[in-house]
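Welcome! Have a look at the structure, then try each task before reading on.

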Amino acid sequence: MATHKSAIKRHRQNQKRRSRNVAVKSEIKTAIKEVKETIAQGSKENAKAALAKAARLLDKAASKKTLHRNTASRKISRLTTAVNSIKAVA
């Protein structure tokens, strides 16, 4: 690693950003997992609530460039399709 001031600062900034991005991505993975679990249980209302939380996290990550916007959009679309395919319990 270079030892001049600008390189040291750049390294510090990259470490901060990386740790923030790792935390955000981990939170997104957990939210997606919760949506899939509620889909497996067959609870449409709980799945919709979990989907809303996951979609909010994905949109926020895309707006802050942690995830590419198309990736976030694709994940939201697939989760929404899965939630909508749950049959209503009669």
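## Exercise 1: The nonpolar core

Task: find which residues of the largest nonpolar core touch the most other members.

Solution. Of the 19 residues in the largest nonpolar core, Ile28, Val35, Ala54, Leu58, Leu67, Leu79 and Val83 are the ones that touch the most other members. A nonpolar core here is a set of buried Ala, Val, Leu, Ile, Met, Phe, Trp, Tyr and Cys residues joined through side-chain atoms within 4.5 Å. Next, the elements that give two or more residues to this core are α1 (5-41), α2 (44-63) and α3 (69-84). The largest share, nine residues, comes from α2.

Now take one member, Ile28: leaving out residues up to four places away in sequence, Ile28 touches Leu57, Leu58, Ala61 and Leu67. A contact means heavy atoms within 4.5 Å.

Before going on, a note on the model: it is predicted, so local features need pLDDT of at least 70 and side-chain atom pairs count only at pLDDT 80 or more, while totals for chains, interfaces and linings use all residues. Residues are numbered from 1 along each chain as its sequence is written, and side-chain values use heavy atoms, with hydrogens and water left out.

## Exercise 2: The overall form

Task: list the elements from the N terminus on, and work out why the protein is described as more spread out than a compact globule.

Solution. Start with the count: the protein has three helices and zero strands. Helices (H or I, at least four residues) and strands (E, at least two) are DSSP runs, numbered from the N terminus. The order is therefore written α-α-α. The radius of gyration of the protein is 18 Å, well over the 12 Å that the globule rule gives for 90 residues, so the protein is more spread out than a compact globule. This radius is taken over C-alpha atoms, and the rule is 2.2 Å times the number of residues to the power 0.38. Along the principal axes, the C-alpha atoms fill a box of roughly 70 × 20 × 15 Å.

## Exercise 3: Surface and charge

Task: state what percentage of the 90 residues is buried, and how many side chains are positive and negative.

Solution. Buried residues make up 26% of the 90 residues. Buried means under 20% relative accessible area, exposed over 50%, and partly exposed in between (1.4 Å probe, protein chains only). The protein exposes about 6,900 Å², of which carbon and sulfur atoms supply 51%. Turning to charge, there are 24 positive and 5 negative side chains, and the centres of the two sets lie 15 Å apart. Lys and Arg count as positive and Asp and Glu as negative; His and the chain ends are not counted. Each charge is placed at NZ of Lys, CZ of Arg, CG of Asp or CD of Glu.

Methods
Areas by Shrake-Rupley, 256 points an atom, 1.4 Å probe, with all protein chains shown as cover.
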